[in-house]
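Q: I've got a model open and I'd like to learn how to read its side-chain features. Can we go through them one by one?

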Amino acid sequence: LQDDAFLVDVAQSRGQPGFRLWWLGQSGFLLQWEERHLLFDPYLSDSLTRKYSKTDKPHVRMTERVIEPERLDFIDVVTSSHQHTDHLDPETLGSLAEANPTIEFVAVEAHRELSADRSGMPADQIVGMDVGRSEMVEGFEITAVPAAHEGLDKDDKGRHLYLGYIVQFENWTVYHSGDTVMYPGIVNNLRAWSIDVALLPINGSRPERRVPGNLWGTEAAQLARDIGAGVVVPCHYEMFEFNTVTPDEFIEEAESIGQPYVVMKAGNRLDMPPASN
């Protein structure tokens, strides 16, 4: 779904039991629970395509934009897992801030100033996060966990530069990994939660791309199985031609090890029924 059809789908789903996720492309997801809306790492502009159009690393889009960010005027919370523009996009965040004057912005504490500059949001609307920190934000309990893109990098104050987010609400737990590869302790870190949905990148890592890498599809399926995820949704592919894969290897591995999964297209909705007590 796209544009008006997408907005109609979101509006008609409000207040329904359980919760819903729409994939917005790359690592962007819209989570709807009751009347609340949380936006994970949205990239809803063509800023990178324009920035690199005359370079030797063009960011040619494969997937059209699902919705203009200024039309998302019902967002309660938006996240950024790290500083790369496809996760911290000034054009997307600025438009969201204008459309949602009271929006809460969950961002990396080590990049608080950069997050404020790119979003234009006042300091009191930015919830700075670091590994181990938990905050209740508009009814969502959000906990920061490590991400390695491609290392567990920290700033000179010891604060992590790349994060994943565990989001808990009602009886549900959603894990958005941000950009990450496997690192020592990742499975033990995540098995502390009973994760219903894991949102994991599958585009992998190749030196010739000249960008930090992520999990490969086989690794994402195995990680989801090892942490006991109820279902895994792959992401961070089919956005830019130079930095993508097909989900075929992910699907093959998930099926071979019995890991439940859902492969989405941009604009698709995933319905999660009410959790049993």
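This is a predicted model: local features need pLDDT of at least 70, side-chain atom pairs count only at pLDDT 80 or more; totals for chains, interfaces and linings use all residues.

Q: Is Phe 242 buried or partly exposed?

A: Partly exposed, with a relative accessibility of 21%. The cut-off for buried is under 20%, so Phe 242 at 21% doesn't count as buried.

Q: Now the aromatic rings. How do I read a pair?

A: You describe a pair of aromatic rings by the distance of the centres and the angle of the planes. Here the ring centres have to lie within 6.5 Å, and the count comes to 10 aromatic pairs. In one of them, Trp 23 and Tyr 237 have ring centres 5.3 Å apart and planes at 35°, so the pair is tilted.

Q: Where do Trp 23 and Tyr 237 lie in the chain?

A: Trp 23 is in strand β1 (residues 19-25), while Tyr 237 is in the loop between β12 (231-235) and α7 (248-257), so the pair ties together parts that are 214 residues apart in sequence. Trp 23 counts as buried at 2% relative accessibility, and Tyr 237 is buried too, at 1%.

Q: What about Trp 33 and Phe 169?

A: Their ring centres are 5.3 Å apart and the planes are at 50°, so this pair is tilted. Trp 33 belongs to strand β2 (residues 28-33) and Phe 169 to strand β9 (residues 163-169), which puts them 136 residues apart. Both are buried. Ring pairs also link Trp 33 and Phe 169 with Phe 19, Phe 140 and Trp 172 into a cluster.

Q: And how do I look for pockets?

A: Rolling a probe the size of a water molecule over the atoms shows where empty space is left. In this model the largest pocket has a volume of about 320 Å³. Of its 23 lining residues, the closest to the centre are His 59, His 84, Thr 85, Asp 86 and Val 211.

Q: How many lining residues are nonpolar, polar and charged?

A: The lining of the largest pocket divides into 6 nonpolar, 11 polar and 6 charged residues.

Technical notes: Residues are numbered from 1 along each chain as its sequence is written. Side-chain values use heavy atoms; hydrogens and water are left out. Rings of Phe, Tyr and Trp (its six-membered ring) pair if their centres lie within 6.5 Å; planes under 30 degrees apart count as stacked, over 60 as edge-to-face and the rest as tilted. Helices (H or I, at least four residues) and strands (E, at least two) are DSSP runs, numbered from the N terminus. Buried means under 20% relative accessible area, exposed over 50%, partly exposed in between (1.4 Å probe, protein chains only). On a 1 Å grid over the protein atoms alone, a cavity is a set of points where a 1.4 Å probe fits but cannot get out, and a pocket is an open set with protein on both sides within 12 Å along at least five of seven lines; lining residues have an atom within 4 Å of a point. Grid points are joined across faces, edges and corners, and a volume is the space filled by probe spheres set on the points. Ala, Val, Leu, Ile, Met, Phe, Trp, Tyr, Cys and Pro count as nonpolar, Asp, Glu, Lys and Arg as charged, and the others, Gly among them, as polar.
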